[in-house]
Amino acid sequence: MKHAVLSAAIILVAGSAYAAPAPVEDIAGGSTDDRVARLERVIKAKQQSEFQMQQRLETLQQEVLDLRGLSEQQSYQIDQMLQRQRQLYEDIANLSTKAAAPVVVDQTTASSTATSSSLGETASYEQAVNLVLKDKKYEEAIPAFAQFIQNYPNSSYAPNANYWLGQLLYNKSEFVGATKAFTTVVEKYKDSSKRGESLVKLGMIAEKTGDKAKAKAYYQKVSQEYANSAAARIALQQLSSL
């Protein structure tokens, strides 16, 4: 029986010699019991070495996953920054175009009124945006955007104005007002570039107020309707944490 154990152990050690080196120990001399004992020590040392290698492998795999997550997070942040820059450039371009429009003199009253309204609309929106971006006066920006939306509900700036208002209210945890503003963007301005982000924010509000089912529905809607967008990546991240 002991010879059978010894033979099996020698086959095991020989078969795995190329997988992981084990400490070299003379197993030829001595009694059968001594050789079995030495073989057991060799096998134990080999198993310990393999266990340590497995631990190192698992550690390296976790580090790769962590680095991948960090990379994805940084990519998302860069995408968000670029998107905000593009939107800001578009807003500036629109402001410049409308501000440069000539005032028609000695035309009909309707034409003069339309031109004045356009200039007032642009100036009002620009003032509200500047309160956020330049002056950092967020409290004052809230009524400024609300007033703009009331005065110019059909403005080309209305989707962005509603999104700005929703974001400012969201930051203050005023979720009722924020929900109304984001919902306006989603339902009234379906072609707006802010619609996907507004859906994400509605999901976050639902999540913060304890309605995980509604939050999940919003996130899934974003991932389906705006696949491969920055908003969809945020939605998927939020979904994974529910």
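Analyst: Let's begin with one residue. Leaving out residues up to four places away in sequence, Val-186 touches Arg-195, Ser-198, Leu-199 and Leu-202. Keep in mind that this is a predicted model.

User: Where does Val-186 sit, then?

Analyst: Val-186 is in helix H6.

User: Is Val-186 buried or exposed?

Analyst: Val-186 counts as buried, because its relative accessibility is 8% and the cut-off for buried is under 20%.

User: How far is Val-186 from Pro-159?

Analyst: In space, 9.0 Å from C-alpha to C-alpha. In sequence, Val-186 and Pro-159 are 27 residues apart.

User: What about the helix those contacts belong to?

Analyst: Arg-195, Ser-198, Leu-199 and Leu-202 are among the buried residues of H7. That helix covers residues 195-208, and 12 of its 14 residues are buried.

User: Which others are buried in H7?

Analyst: The list also includes Gly-196, Glu-197, Val-200, Lys-201, Gly-203, Met-204, Ile-205 and Ala-206.

User: What span should H7 have, and what does it have?

Analyst: With 14 residues at 1.5 Å a residue, H7 should span 20 Å, and its end C-alpha atoms are 20 Å apart, so the two agree. After H7 comes Gly-210, with a positive phi near 90°.

User: Back up a bit. What is the overall makeup of the protein?

Analyst: The protein has nine helices and zero strands. It has 242 residues, and buried residues make up 30% of them.

User: OK, new topic. Which residues of H4 are buried?

Analyst: Ala-141, Ile-142, Phe-145, Phe-148 and Ile-149. They cover an arc of only 140° around the axis, which puts them on the same side of H4.

User: What is on the face turned away from that side?

Analyst: That face of H4 carries the exposed residues Glu-139 and Gln-150.

User: Which residues of H5 does H4 meet?

Analyst: H4 meets Ala-158, Ala-161, Asn-162, Trp-164, Leu-165, Leu-168 and Leu-169 in H5. From H4, the residues taking part are Tyr-138, Ala-141, Ile-142, Phe-145, Ala-146, Phe-148 and Ile-149. The residues of this contact divide into 13 nonpolar, one polar and no charged.

User: How do the two helices cross?

Analyst: The axes of H4 and H5 come within 9 Å and cross at roughly 145°. The crossing is left-handed.

User: What about H8 and H9, how do they cross?

Analyst: H8 (residues 212-225) and H9 (residues 230-241) have axes that come within 8 Å and cross at roughly 145°. H8 passes H9 in a left-handed crossing.

User: Which residues meet there?

Analyst: On the H8 side they are Lys-216, Tyr-219, Gln-220, Val-222 and Ser-223. On the H9 side they are Ala-231, Ala-232, Ala-235, Leu-236, Gln-238 and Leu-239. The residues of the contact of H8 with H9 divide into seven nonpolar, three polar and one charged.

User: And which residues of H9 are buried?

Analyst: Ala-230, Ala-231, Ala-232, Ile-234 and Ala-235. Ile-234 has a relative accessible area of 10%. Its C-alpha atom is separated by 10.0 Å from that of Lys-201, 33 residues apart along the chain.

User: Where are Lys-136 and Ser-173 found?

Analyst: Lys-136 is in the loop between H3 and H4. Ser-173 is in the loop between H5 and H6.

User: How accessible is Ser-173?

Analyst: Ser-173 has 48% relative accessibility, so it counts as partly exposed. To be exposed, a residue has to be over 50%.

Conventions. Residues are numbered from 1 along each chain as its sequence is written. This is a predicted model: local features need pLDDT of at least 70, side-chain atom pairs count only at pLDDT 80 or more; totals for chains, interfaces and linings use all residues. Side-chain values use heavy atoms; hydrogens and water are left out. Buried means under 20% relative accessible area, exposed over 50%, partly exposed in between (1.4 Å probe, protein chains only). Helices (H or I, at least four residues) and strands (E, at least two) are DSSP runs, numbered from the N terminus. The arc is that of the directions from the helix axis to the C-beta atoms. Axes are lines fitted to C-alpha atoms, for helices over the stretch in contact, and angles run from 0 to 180 degrees between N-to-C directions. A crossing is left-handed if the near helix is turned anticlockwise from the far one by less than a right angle, and right-handed if clockwise. Contact means heavy atoms within 4.5 Å. Ala, Val, Leu, Ile, Met, Phe, Trp, Tyr, Cys and Pro count as nonpolar, Asp, Glu, Lys and Arg as charged, and the others, Gly among them, as polar. The expected span of a helix is 1.5 Å times one less than its number of residues.
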